Amino acid sequence: MRELKFRAWDRTKKQMIWSLHESIKDSPVWNSVFWGKVEADPDNYDVMQYTGLKDKNGKDIYEGDIVELEGWSPKKWEVTFDRGGFCMRENADSCYYPDIKYAEKSKVIGNIYESLELLK
């Protein structure tokens, strides 16, 4: 079973909240998003799940990450969740479901919140 980890983009503060998991389950974000408590407005956060995969440098790959694949065209892809699985998306009409060997050849170079320009 893969480890369940989350992170969240705080729309108000414009910053990523890392390590959103059991060790901070008493935080306002965790409580409002995952347990329905009202300490924080869940609409202020975009929550992303860990895919269970790591890039070639051992970095965790999350939804919303931008990964680069050498030798592929295009080289840069957005990681997203679609049809019950994680996929790499070039645009809104495409989704490629890679197996682990491609994830291990990829490199996380940013995310759609802090470095969207990388996809252009």
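This is a predicted model: local features need pLDDT of at least 70, side-chain atom pairs count only at pLDDT 80 or more; totals for chains, interfaces and linings use all residues.

Started with Arg 11: at 39% relative accessibility it counts as partly exposed, where buried means under 20% relative accessible area, exposed over 50% and partly exposed in between (1.4 Å probe, protein chains only). Residues are numbered from 1 along each chain as its sequence is written, and side-chain values use heavy atoms, with hydrogens and water left out.

**Entry 1: salt bridges**

What does Arg 11 form a salt bridge with? I looked it up, and the partner is Asp 46, with the closest N and O atoms 2.2 Å apart. My cut-off for a salt bridge is a side-chain nitrogen of Lys or Arg within 4 Å of a carboxyl oxygen of Asp or Glu. Arg 11 sits in the loop between β1 and β2 (15–20), while Asp 46 is in strand β3 (residues 45–54), 35 residues apart, and the pair links distant parts of the chain. I take helices (H or I, at least four residues) and strands (E, at least two) as DSSP runs, numbered from the N terminus. Asp 46 is buried, at a relative accessible area of 17%.

Side chains of opposite charge can pair when their charged atoms come close. I count five salt bridges in the structure.

Next I checked Arg 7, which forms a salt bridge with Asp 65; their closest N and O atoms are 2.8 Å apart. This pair also links distant parts of the chain, from Arg 7 in strand β1 (residues 6–10) to Asp 65 in strand β5, 58 residues apart.

Then I looked at Asp 60, whose side chain meets that of Lys 54 in a salt bridge (2.4 Å, N to O). Asp 60 counts as buried at 16% relative accessibility, whereas Lys 54 is partly exposed, with a relative accessible area of 39%. I also found Lys 5 here: Lys 5, Lys 54 and Asp 60 are linked in a network of salt bridges.

**Entry 2: rings**

Lys 5 turned up again, lying over the face of Tyr 50 at 4.7 Å from the ring centre. The rule I used puts a charge over a ring if NZ of Lys or CZ of Arg is within 6 Å of the ring centre and within 35 degrees of the ring normal.

For ring pairs, I required centres of Phe, Tyr and Trp rings (for Trp, its six-membered ring) within 6.5 Å; planes under 30 degrees apart count as stacked, over 60 as edge-to-face and the rest as tilted. By this rule I get three aromatic pairs. Trp 9 and Tyr 113 have ring centres 5.3 Å apart and planes at 20°, so I log the pair as stacked. Trp 9 is in strand β1 and Tyr 113 in the segment after β8 (106–111), 104 residues apart, so to speak a link between distant parts of the chain. Trp 9 is buried, at 7% relative accessible area, but Tyr 113 counts as partly exposed at 28%.

Tyr 50 and Tyr 62 form a tilted pair, 5.7 Å centre to centre with 50° between the planes. Tyr 50 lies in strand β3 and Tyr 62 in strand β4 (residues 60–62), so the pair ties together parts twelve residues apart in sequence. Both Tyr 50 and Tyr 62 are buried.

**Entry 3: core**

Which residues make up the largest nonpolar core? I listed eight: Ile 61, Val 67, Leu 69, Trp 77, Val 79, Met 88, Ala 103 and Val 108. Such a core is a set of buried Ala, Val, Leu, Ile, Met, Phe, Trp, Tyr and Cys residues joined through side-chain atoms within 4.5 Å. β5 (65–69) and β6 (76–82) each supply at least two residues of this core. I found Val 108 touching Asp 55, Lys 59, Asp 60, Ile 61, Asp 65, Ile 66 and Val 67, not counting residues up to four places away in sequence; contact here means heavy atoms within 4.5 Å.

**Entry 4: confidence**

I checked pLDDT, the predictor's confidence in each residue, from 0 to 100. The protein's mean is 78, and 74% of its residues reach 70 or more.
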